[in-house]
Every structure is written in C-alpha cells, then in structure tokens.
Amino acid sequence: MSTKKHHYKSMTNPDFLGSWDFEEGENRTLIINSVKEGEVVGDGGKKDKCVVAYFTTGLPMVLNMTNMKAITIAHGTPYIEDWVGKSVSVHVEQVKAFGDIWDALRISTTAPVKAKPKVKVKPILKKESEEYEKVVAFLKGQSDKLFDVAFKGPDNKYKISATLKAQLEKEHKS
C-alpha cells in the first residue's frame, strides 16, 4: 500500500500553493477570485510583502513577476481587477534561479479554452419511419393525459414539424 509522501517545503509554507502540491506533469485550471497584496513568512520567520492570487477553490498562490506577466498576456490586461473570474492554467517548470535549478509554479501565457457545450441535434421525425410508429404507440398509451403533456417526451427527443404535430395530436385522440 502506497502512501502520499510530503515534500519538506509543504511544511514550511502550507498556506500557499507550491510545486510540491502537484503530481508530475499535472496541469490545473484555476479561476481567480481576487488578487491582493499579502505577507508571506519565509524561512527563519522572515516576512515579505508579495502579490497573492486567491482562487475559487484550493490554496492561494504567491504571484511573482513572471506569473503576473503571463496572466497579462493570457487575458490581455495588466489590471488585477480585470483578472477576477478569469481562468489560468498552472503547472510546474524547472527554472534556474539563485545559482541552482528549482521547481517553480508557472502560469501559462495562453488562457484555458472553455469547452464548448455539445449541442445535441435532435433527429427529424418522419411519418414513414419506425420512430414515428413508436411515438404514435407512446402517445396512445398516454391517452389519459392532455396531448401537450404527453407530447413533451417526443418533442424533447425529435424535431417535429407543425404538420406532423397536428397529425400526432389526431393519433393521440383516436
């Protein structure tokens, strides 16, 4: 049985999102709720003022200049008020800093693409079809209901012309 290991840095500043919070190759889409000036307590109790992005879910993230520029490019505005409600894509990259290679959070310069909702195209109901006979049988089985109530089922499933609807109403009554 494997247990999740804890990176030592997750113990030094657990209040902020860090590279240690990501699985290898993980990419997260987060929605910005607010961006504010904040204070981070680092090693040895040293306090630093910084810019912090708060998301609609999860931990906040300290924004460095690289990530603020990335948000500006991704969303076309340098104004933090305009970033609220915008999605960002966050991942881990290895960067050279302070004479060494480090894992760092990076925000993509491309805004995440919202998935377009799939529009379900209803098939057209034709009189000379097996589906038409099934609809007629269904409506006859609903003879105790008003036509408009019974018709909702087939109308949700098929695209039905006004002429065919009138014909189905006659079938429902017979």
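Q: Helices (H or I, at least four residues) and strands (E, at least two) are DSSP runs, numbered from the N terminus. With that in hand, where is glutamine 142 placed?
A: First, a word on the model: it is predicted, with residues numbered from 1 along each chain as its sequence is written, and local features need pLDDT of at least 70. Side-chain atom pairs count only at pLDDT 80 or more, while totals for chains, interfaces and linings use all residues, and side-chain values use heavy atoms, with hydrogens and water left out. As for glutamine 142, its place is in the loop between H4 and H5.

Q: Is glutamine 142 buried or exposed?
A: The scale goes like this: buried is under 20% relative accessible area, exposed is over 50%, and partly exposed is in between (1.4 Å probe, protein chains only). Glutamine 142 has a relative accessible area of 15%, so it counts as buried.

Q: Which residues is glutamine 142 in contact with, leaving aside its neighbours within four places in sequence?
A: Contact here means heavy atoms within 4.5 Å. On that basis, glutamine 142 is in contact with Ala150 and His172.

Q: At roughly what angle do the axes of H4 and H5 cross?
A: Two packed helices are described by the angle between their axes and the distance between the axes. Axes are lines fitted to C-alpha atoms, for helices over the stretch in contact, and angles run from 0 to 180 degrees between N-to-C directions. H4 covers residues 130-141 and H5 covers residues 147-157; their axes come within 10 Å and cross at roughly 145 degrees.

Q: How many helices and strands does the protein have?
A: Along the sequence, the pattern reads α-β-β-β-α-α-β-β-α-α-α. The tally is six helices and five strands.

Q: What radius of gyration does the protein have, next to a compact globule of 174 residues?
A: The radius is taken over C-alpha atoms, and the globule rule is 2.2 Å times the number of residues to the power 0.38. The C-alpha atoms fill a box of roughly 85 × 50 × 25 Å along the principal axes. A compact globule of 174 residues would come out near 16 Å, but this protein has 29 Å.

Q: What share of the 174 residues is buried?
A: Accessible areas come from the Shrake-Rupley method with a 1.4 Å probe, and for residues only the protein chains shown count as cover. The accessible surface of the protein comes to about 12600 Å², and carbon and sulfur atoms hold 54% of it. Buried residues make up 31%.

Q: What is the relative accessible area of leucine 105?
A: Leucine 105 is in strand S5, and its contacts beyond four places in sequence include Leu17, Gly18, Phe22 and Met61. Its C-alpha atom is 6.6 Å from that of glycine 18, 87 residues away along the chain. Leucine 105 counts as buried because its relative accessible area is 10%.

Q: How far apart in space are valine 149 and proline 112?
A: Valine 149 is found in helix H5 and is partly exposed, with a relative accessible area of 46%. Valine 149 and proline 112 are 37 residues apart in sequence, and C-alpha to C-alpha they are apart by 42 Å.
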